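Hi there,

Here is the structure I promised to pass on. Have a look first, then read my notes below.

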Amino acid sequence: MNPQIDLTDRNGLQGDKWVGPKPEIKIQDLTEENIRFTLSNTDLSMANALRRIMISEVPTIAIDMVEIELNTSVLADEFIAHRLGLIPLDSTEAEKIKYTRDCSCSQYCPICSVEMTLNVKCTQENVTKDVTSKDLISSDPRVVPIYSGKNAPGVLIAKLRKGQELKIKCIAKKGVAKEHAKWSPCAAIAFEYDPHNRLRHTEYWFEEDEKKEWPKSKVGAEEPEPSEGEPFDYNLKPNKFYFNVE
């Protein structure tokens with residue numbers, strides 16, 4: 001009689017089938033600019049993989065090509081092109097736009113890109129005219145610059161004085177941040193675990209009193225604080241992670 005062998009790995013996989021507890025996500029706070037959530041029933045490698053995927057693998061739309069027809073501002077063409085590429089664009093319809101590498105066109109077309117134009121001239125005396133992302137005119141209403149509010153001034157691109165002019169054609173394309181940071185869908189992603197340092201993954205340097213010199217983490221209330229003199233458990237592993245995505 002052959003003994004049964006458990007082929008379930010530490011992540012809960014048995015061959016190619018998941019048999020362990022499923023990862024769970026609980027959203028704690030959600031705004032237009034920030035999301036906080038907890039990820040549980042998984043390990044540290046999965047949490048870090050999720051962080052890396054959110055940073056570099058989520059497809060977005062960004063200005064990739066810039067054709068400058070006229071630039072009489074004090075800024076160099078390359079400087080303006082760089083600023084245009086970093087302007088955040090609405091990417092909710094990114095799935096419906098093809099990657100240029102998957103398109104049959106030679107360089108760009110309406111299937112894999114969105115054309116945007118910028119045509120601004122300062123005509124007033126003793127006035128500095130701000131050129132912002134609100135001056136970008138998109139050929140596709142689905143892909144437009146993002147603003148923090150209705151009265152937001154937009155992202156500043158350049159400043160013009162009387163007689164100075166910018167006339168630019170931009171081509172926005174789909175991409176991911178591992179190709180270039182301009183396609184990153186977020187400003188920053190951070191996560192923490194074990195707010196009371198039960199796992200001893202961190203050593204706090206202090207002069208007299210560790211608790212007084214190191215304030216508690218904001219997520220410390222989510223988990224019970226260890227009792228004084230609690231023995232260290234070498235078998236403990238992190239399984240709950242607190243994410244903050246900007």
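**Around N34**

Leaving aside neighbours within four places in sequence, N34 is in contact (heavy atoms within 4.5 Å) with D29, N244, V245 and E246. Before going on: this is a predicted model, where local features need pLDDT of at least 70 and side-chain atom pairs count only at pLDDT 80 or more, while totals for chains, interfaces and linings use all residues. Residues are numbered from 1 along each chain as its sequence is written, and side-chain values use heavy atoms, with hydrogens and water left out.

N34 sits in the loop between strand 3 (24-30) and strand 4 (35-40). Helices (H or I, at least four residues) and strands (E, at least two) are DSSP runs, numbered from the N terminus. The side chains of N34 and N244 make a polar contact at 3.0 Å; that term means a pair of N or O atoms within 3.5 Å, one able to donate a hydrogen and the other to accept it, and residues adjacent in sequence count only if both atoms are side-chain atoms.

**The sheet**

Strands pair if DSSP finds at least two bridges between them. Four of them form an open antiparallel sheet, in the order 3-4-12-11. Strand 3 and strand 11 (189-192) are at the edges with a single partner strand each, so one side of each has no neighbour in the sheet. Strand 4 and strand 12 (residues 240-245) run antiparallel, joined by six bridges. T38 has Y242 in strand 12 as its bridge partner.

Cheers
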